[in-house]
Amino acid sequence: MRVIRLDDVADPSLPVGRGLRTGADGSVRPVAWHLAEEAAIAFLLNGRAFAVMMATPADLEDYALGFLLTERVIAAPADLEEMRVAPVEGGLALNCIVPPRAEVAAADRRRSLAGRAGCGLCGAETLEAAFPSLPRVASRRPDPGIVLAALLALPALQQRNARDRSTHAAAFFRADGTAVLVREDVGRHNALDKLGGALLGAGIDPASGFGVLSSRMSVEMVQKAAILGLPVLASVSAPTALALSVAARAGLAVCAQSGDGVVVFDSAGPR
């Protein structure tokens, strides 16, 4: 496979997210965490849009070959004749040059990919579709002690996971730390969607509390939280750099568990 880089596309340096860590003993200290990079990777086949996937923007040649093989777009490595890489607004474009028969296979895969994708971004055909504008949420500075207590309480609330050890959870807590609703699913995005549906179905205002995730916090989780109107989103993991940037633009406060403490990230986003 021949790789053509249409511009200087290098592995990005890790951005830094800054915030304050509050420990279980009430101690507070500033922290600076290196954050994982996350980018929209737009796959094109012979110049035509195929799919947008969220990924770490590294090892792109391996990613393209593995993705197209496992999606059965190509039948053998030799079918990926050339890959042209270029930076575009919002991410990277990978124009994969494949035989005509692969374009026919892609037509069927394009339809199934969008239907089974685990998030609102993966499976979109264009970058514009992957990054819709978000509403501003009713911003609120989270109480670190209350958020930490919620994070520590979450495992005991995961009844399904206690049985199957394989499901994620999304939970809603009142601003005072009272647990209200928990929804579980094998897909972290599905768990958050289920929680949103439960809140709306019960007539509960998402702005009256905050969300807690048992999973990593990627950009699509932030997007879903902002659309629901959650002012604070906490997770057992650090956010990606893109998730923190999008959260900052939407006014959404982001928190992450740190051992027996919690980090409340700077609202300015990563630097």
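When I say contact, I mean heavy atoms within 4.5 Å. Please keep in mind that this is a predicted model.

I'll start with A169. This residue lies in strand β8. What does A169 touch, once we leave out residues up to four places away in sequence? The list is L154, Q158, V182, R183, E184, A191, V212, L213 and S214. Take V212 from that list: it sits 43 residues from A169 along the chain, and the two C-alpha atoms are separated by 8.1 Å. Is A169 buried or exposed? The cut-off for buried is under 20% relative accessible area. A169 has 3% relative accessibility, so it counts as buried.

Next, the cores. The largest nonpolar core has 37 residues. Which members touch the most other members? Those are L195, V222, L252 and F265. As for where the core comes from, at least two residues each are supplied by the strands β4 (39-45), β5 (48-55), β8 (168-174), β12 (253-258) and β13 (261-265). The helices α6 (188-201), α7 (219-228) and α8 (241-250) each do likewise. The element that gives the most is α8, with 7 residues.

There is also a second, separate core, of 23 residues. Among its members are A51, L60, L68 and A106.

Back to L252, one of the residues I named for the largest core. Setting aside neighbours within four places in sequence, L252 is in contact with V137, V222, A225, L230, P231, V232, L233 and A247. Of these partners, V222 is also on the list of members that touch the most others.

Now α8 itself. How many of its residues are buried? The count is 7 of 10, so the helix is mostly covered. The buried ones are A241, L242, A243, L244, V246, A247 and A250. After α8 comes G251, with a positive phi near 80°.

Last, the cysteines. C96 is at 0% relative accessibility and therefore counts as buried. C255 has a relative accessible area of 0% and is buried as well. How many disulfides does the structure hold? The number is 0.

Conventions. Residues numbered from 1 in each chain as written. Predicted model: local features only at pLDDT ≥ 70, side-chain atom pairs only at ≥ 80, totals over all residues. Heavy atoms only, no water. Core = buried A, V, L, I, M, F, W, Y, C linked by side-chain atoms within 4.5 Å. Buried < 20%, exposed > 50% of the residue type's maximum accessible area, 1.4 Å probe, protein only. Helix = DSSP H or I, 4+ residues; strand = E, 2+ residues; numbered from the N terminus. Disulfide = S-S within 2.5 Å.
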